Amino acid sequence: MKYRFLLRPGWLAAIAALVALTAAFVGLGMWQFSRAHRTHKLSAQELTARATVVPLAQLLKDGSPANGALGHAVTVSGVLDGTRQLLVPDRALPDGRDGYLVIAPLKAADGTAVVVSRGWTAQPVTPPPVPAGPVTITGWLAAAEPADSASAKAEDDAAKDPAHRIATVDVATLVNTWPYPLDQSYVNALSINPADDAAVKLTPVPAPTPPNKSSWYILNLGYTLQWWVFGIVGLWWFATYVRRLANPAAEDAEEEAAQEEDSEEEDAEELSPPAQAPAATP
């Protein structure tokens, strides 16, 4: 067996050292990669800005939430259409209680509407009536949800009563169900002014925890690649060296072939006739 020499104590020690060195290179690369992506908590000023209530239109761009607008405190005014309320099943509160969101369109004076989640209820009952007349809703901004994001439980529940339930807050479906143009977002209501006495049966859904910011550092990514390349080069060099020791005949044959090729090229150069100088013009 031509690789039997690798079982000698000296070679075993070398292999163990190579494995340890490669593992160190990989570990250093992973550490640099972890340093390359860093998260930063929002500053006190940024948290205050998110909690400062602003008009909904200020946070929308072409009908969709602007970058960083999700979860921001907003206010919007209009008239709630209580005849088109729907229940969204399989929605849990932070304390783990499972139930339904109650959504309804809030009509603006220009004929457009905003999807509003009036709150959460544990029972799949008829939603409470909406307040009469114009209202101002204060809450937080959420993005429209695609239809395929619904859980199997929500889909099954909504399929039992599609006239009064919908699996997600899917604006693409709602715009074909409600007779209003809709933005690609919705508002989770925290309060309604004037006060909605019927809404005391609903539990407001709290805003999500503000996300941390993240950033990438190119220098650390370069160090990551450097350490991993060191590991690959070390393994390649060791494998090449061992192969040469285990196959000396093949290496000698390659060297002889190379020498013969060089010799043939030299002979061809010696046998080739010298270039003739052009005849002189009288």
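Helices (H or I, at least four residues) and strands (E, at least two) are DSSP runs, numbered from the N terminus. The views show a predicted model, in which local features need pLDDT of at least 70 and side-chain atom pairs count only at pLDDT 80 or more, while totals for chains, interfaces and linings use all residues. Residues are numbered from 1 along each chain as its sequence is written, and side-chain values use heavy atoms, with hydrogens and water left out.

**View A. Asp90 has a positive phi of about 60°, although Asp90 is not a glycine.** Asp90 lies in strand β6 (residues 86-92). Its relative accessible area is 28%, so Asp90 is partly exposed (buried means under 20%, exposed over 50%, partly exposed in between; 1.4 Å probe, protein chains only).

**View B. A cis peptide bond runs from Asn193 to Pro194.** Its omega is near 0°. Pro194 sits in the loop between β10 (182-193) and β11 (213-216).

**View C. Arg84 and Asp81 form a salt bridge of 3.3 Å, N to O.** A salt bridge is a side-chain nitrogen of Lys or Arg within 4 Å of a carboxyl oxygen of Asp or Glu. By this rule there are five salt bridges. Asp81 is buried because its relative accessible area is 9%, whereas Arg84, at 32%, is partly exposed.

**View D. Asp98 and Lys153 meet in a salt bridge of 3.0 Å, N to O.** The pair links distant parts of the chain, 55 residues apart: Asp98 is in strand β7 (residues 98-107) and Lys153 in helix α3 (residues 152-160). Asp98 is partly exposed at 33% relative accessibility, and Lys153 is partly exposed at 49%.
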